[in-house]
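Please open the model in your viewer and keep the selection tool at hand. The tour below moves from one selection to the next and says what is found at each stop.

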Amino acid sequence: MAYISIWTLTRDVISTVFWGIVKLIFWPPIYQFVIIPGLVAALVVVISIIWFERKAAARVQMRYGPLEVSPKLAGYLQLFADLIRYSFQEIIIPRTADIIPFITSPFFALLLSLLPLAVIPVSPVKWTWPLTLSAMRYSVLIAAALTTLSPIFIVAMGWASNNRFSTIGSMRESFLITAYELSAIIGIFSVVATVHSFDFTNIVNFQGGGKWLGLINPIALLAAFIATLISTSAFPFEISDAENEIVAGPFTEYSGLMYGVNMGTAYIKRWAMSVLIVLAFLGGWRPYIPPPNAGYIAGYLVPSLIVSAKAVVVMALMSFLRAVYGRYRIDQALHISWKYVFALAIAGFGLGILEGYLL
Amino acid sequence: MMPAKFVHKKTPKIGVLSSIGKNASALVLGLKYFFEPNRFTLMYPREYIVLDKRYRGFIVLIKNKCIGCESCARVCPTGAMKMVKFEVPNPKNPEKKKIVKYPTINHQRCVYCGFCVDICPTEALYHVPVHDVVYFNLADMIQYVESFQKEPVSPTAAEGAVPVKYIFDPERGLVKVRIKEGEKQ
């Protein structure tokens, strides 16, 4: 009697669907762009980091920060309340705005600031690499190139808004782009000079045994750190959207959810840059070495979580600076970035070459 | 008049090493406050400041001392204090009525400068160390003689908020401390 038991059939269907979903989730482009360290992890981290930033600044400045929304969670739900408020606000599009760039550029900026996360390895296991093997050999180059794409949309936002504050803000942003871009990329590439490889996997494997490149070459790390602060308008360099000088800079005319997206974009870019810094300087997934034929959990989830945890620490450090520093003027920031950060990056690159020769 | 003269101000130059030192000391100070915060935010509805006895808070009238001299109404800089006439029986001539005047305060206008308290020749007005009284409509803020004589009660204190005061600590600066019950204020 040939019949299929209904239970066997159900079990088979459920297991097929389950493993199909698992396979889809852990398919490298989806996993890295959407889940960890992509969109989902970035959103969770951004909300927590904004909360941490406000609480840390409040502690240092003798206040409490967000508290009243949820006193038991120390005001953590304030950010969710803000998110809900933004998503229910009306989106007003000014009559004089250039409508297509006005609407599209926030989302392009958000997506492009996430893109570098989709080309980096977060695990040494080969099947987890999002690019082909030949492309992975240049992953540092590709990731660094992708980080430079999103600022043009911030400039476009300011231009499309047709507002004085937006124009001033996007002009400041374009000044800062030219100032930080070179330092950030040279700072990260000093690692390449030391390891003689454009491959993030080789760079992370080089940093085994506590031999972090950030400890070997702290000058380049400092240059990349400061350049990241400038590029993502983190606090001492929050010049392009300075709230009490020019209302919100390029984001002045935006309202509702689009404003929330704009505010999140800077943090998401900071998150992407932090992940790059972790891979390049702070050992990546390094204390943990997955077995060569590891599966989903040991080979992909755990290393990506280690990378994310390190990047959270880097972001928390960046956020802590808000409590200590005041905002620089645009001329001071350009002075700092051209005169000191660029020199630091060049010095770090020279040190990297020297160490590459010696080590 | 001298014409305005343009002066190009130069920011003082700081060397690289000293600027590194200053940045480091700022970061260390920030870390110190991050790990040992000294927060003195007044969590208002749950805490309230116990004010000094001589605080210029709400003004209260003692009717028996008042002689109706109008000094308070005349000196009031915002016109919050006005005199109101009352007819009372005249003890000497029962057929005629006697007219007396008592002050009335309008809390919409009062700035609590205390001039009326200072000028009162018989000390019929005095301050109460309370400043957070709430009114539900504007008409309540004009206090005639009857309500002017009652001492207002702070709603936060009445609802059992924690009394606090701010003191200067030689090491930590301005500090918020709780006042325990029975402690002398």
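How many residues of chain B are in contact with chain A? Select both chains and you will find ten residues of chain B in contact with eight residues of chain A, where contact means that the C-beta atoms of two residues, placed from the backbone, lie within 7 Å. On the side of chain B that touches chain A, six residues are nonpolar, three polar and one charged; here Ala, Val, Leu, Ile, Met, Phe, Trp, Tyr, Cys and Pro count as nonpolar, Asp, Glu, Lys and Arg as charged, and the others, Gly among them, as polar.

This is a predicted model, in which local features need pLDDT of at least 70 and side-chain atom pairs count only at pLDDT 80 or more, while totals for chains, interfaces and linings use all residues. Residues are numbered from 1 along each chain as its sequence is written, with chains lettered from A and ligands numbered from 1 in the order in which they are written. The model scores ipTM 0.74 and pTM 0.80, and chain B averages a pLDDT (the predictor's confidence in each residue, from 0 to 100) of 85, with 97% of its residues scoring at least 70.

Next, select Pro37(A), which lies in the loop between α2 (28-35) and α3 of chain A; helices are DSSP runs (H or I, at least four residues), numbered from the N terminus. The peptide bond from Ile36(A) to Pro37(A) is cis, with omega near 0°. Continue into α3(A), residues 39-60, whose 22 residues reach 31 Å from first C-alpha to last, close to the 32 Å expected at 1.5 Å a residue, the expected span being 1.5 Å times one less than the number of residues. Just after α3(A), Met62(A) takes a positive phi of about 65°, and in the loop between α3 and α4 (78-88) of chain A, Ala74(A) has a positive phi of about 55° although it is not a glycine.

Now select α8 (151-161) and α9 (164-195) of chain A, which pack at an angle of about 160° with their axes 8 Å apart. α8(A) is therefore roughly antiparallel to α9(A), a term for angles over 145 degrees, taken from 0 to 180 degrees between N-to-C directions of lines fitted to C-alpha atoms over the stretch in contact. Residues of this contact include Trp159(A) of α8(A) and Glu173(A) of α9(A).

Finally, select α12 (218-231) and α13 (257-281) of chain A, whose axes come within 10 Å and cross at roughly 170°. Among the residues making their contact are Phe225(A) of α12(A) and Arg270(A) of α13(A).

Note on methods
Helices (H or I, at least four residues) and strands (E, at least two) are DSSP runs, numbered from the N terminus. Angles under 35 degrees count as roughly parallel, over 145 as roughly antiparallel, 65 to 115 as roughly perpendicular and the rest as oblique.
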